[in-house]
Amino acid sequence: MILRRSTSAPHTTLEVLAPAKVNLFLEVQARRDDGYHELETIMVTVNLHDRIRLTCLDQPASLKRVVEEDGIDLTCDDPSLPIGPENLATRAGLLLRREAHQRDRMVPRTTIALYKQIPAQAGLGGGSSDAAAVLVGLDRLWDLRLGPEQLAALAAELGSDVPFLLGPEAAICRGRGEHVEPLSLAPERPLHLVLVCPPIGLSTASVYGRLRVPSAPRTANEVLEALTGRTDRSRLGSALFNRLQEPAEALQPELVRVRDALQNWVPSHLDGVLMSGSGSAYFGLSRNRDAALSVADALNPLGLGSVRVLTSGP
Ligand code: C5P
């Protein structure tokens, strides 16, 4: 997450770049009594970002209005997305405002302007990352200084992927997804990905609804070792795994065409292919950027959806 502050009295603006994520591994270990599933998943952020501009009145000069005009407004450049409390970015703002009130802190009326690049319902964590960015950004803008643990607790209230998207570049996440153990990747060896986002969105709840919980869950060890450099990185491609891919493809069989189109480039240009999260985006893991660009050029005319070449990291 990248933050940039600018002041033009009487307003202060903070711009936050909210990254997308992909899952390199996702296994479901059990169904829980609260309707969620116990997971083990490895996620990395990638250089595809939503941009979020947070603007509020400067506090000292306008304290009276601050008290009178306490509120959160969302605007979004994608008219297909809701801007009320159904939008996780609005919910994040409202949640942080509630937290501020509990600490007897008034907060100024604030506008959240959301500029979307991350496709929705794609398994790329777009909405979750927007929410994480709003939490971190408003904590700064309102000078609440909540600290990482409190922000993580609020993030977990908003969604299972939000705690990861608060911080690390890569992590292994457990529980509902909210127990985040950061992983360090060698910055000089980013992952190169070809990402295909089909024009079909998938609801996370529907995909989980179709899932059969395995009797013998897989472990993340092979992905973990290849990713963090304990074994040869080239083994990462064949170790990629996502338990949600099968139910997602059962729900939307057209997705198999996207998977096959990427799979055709294994092993010549790609090391492996996987659906991210609960779908519908797929990625191919490439040896280097040139190979990724060649695959993207070949896939672009096929009408599978939007095709991008990405790297892991900020
Ligand atoms: O936490 P989040 O709101 O992103 O989850 C969306 C839906 O995905 C949940 O309502 C639930 O159906 C499913 N889910 C799950 N187990 C998880 C995470 C999500 O069953 N660990």
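How many positive and negative side chains does the protein have, and how far apart do the centres of the two sets lie? There are 33 positive and 37 negative side chains, with the two centres 1 Å apart. Here Lys and Arg count as positive and Asp and Glu as negative, while His and the chain ends are not counted; each charge is placed at NZ of Lys, CZ of Arg, CG of Asp or CD of Glu.

The model is a predicted one, in which local features need pLDDT of at least 70 and side-chain atom pairs count only at pLDDT 80 or more, whereas totals for chains, interfaces and linings use all residues. Residues are numbered from 1 along each chain as its sequence is written, and side-chain values use heavy atoms, with hydrogens and water left out.

The C-alpha trace spans about 65 × 45 × 35 Å along its principal axes. Of the 314 residues, 53% are buried (under 20% relative accessible area, with exposed over 50% and partly exposed in between; 1.4 Å probe, protein chains only).

Beyond neighbours within four places in sequence, Gly93 is in contact (heavy atoms within 4.5 Å) with Ile72, Val134, Leu138 and Trp142.

Asp271 belongs to strand β10, which covers residues 270-275. Its side chain makes a polar contact with that of Arg287 at 2.4 Å; such a contact is a pair of N or O atoms within 3.5 Å, where within protein one must be able to donate a hydrogen and the other to accept it, and residues adjacent in sequence count only if both atoms are side-chain atoms. Not counting residues up to four places away in sequence, Asp271 also touches residues including Ser234, Gly237 and Val266.

The backbone has a few features to look out for. Most peptide bonds are trans, and most residues other than glycine have a negative phi. The bond from Val266 to Pro267 is cis, with omega near 5 degrees, and Pro267 is placed in the loop between α10 (255-263) and β10. Another cis bond joins Gly279 and Ser280, with omega about 20 degrees. Gln121, not a glycine, has a positive phi of about 50 degrees and counts as partly exposed because its relative accessibility is 47%.

Note on methods:
Helix = DSSP H or I, 4+ residues; strand = E, 2+ residues; numbered from the N terminus.
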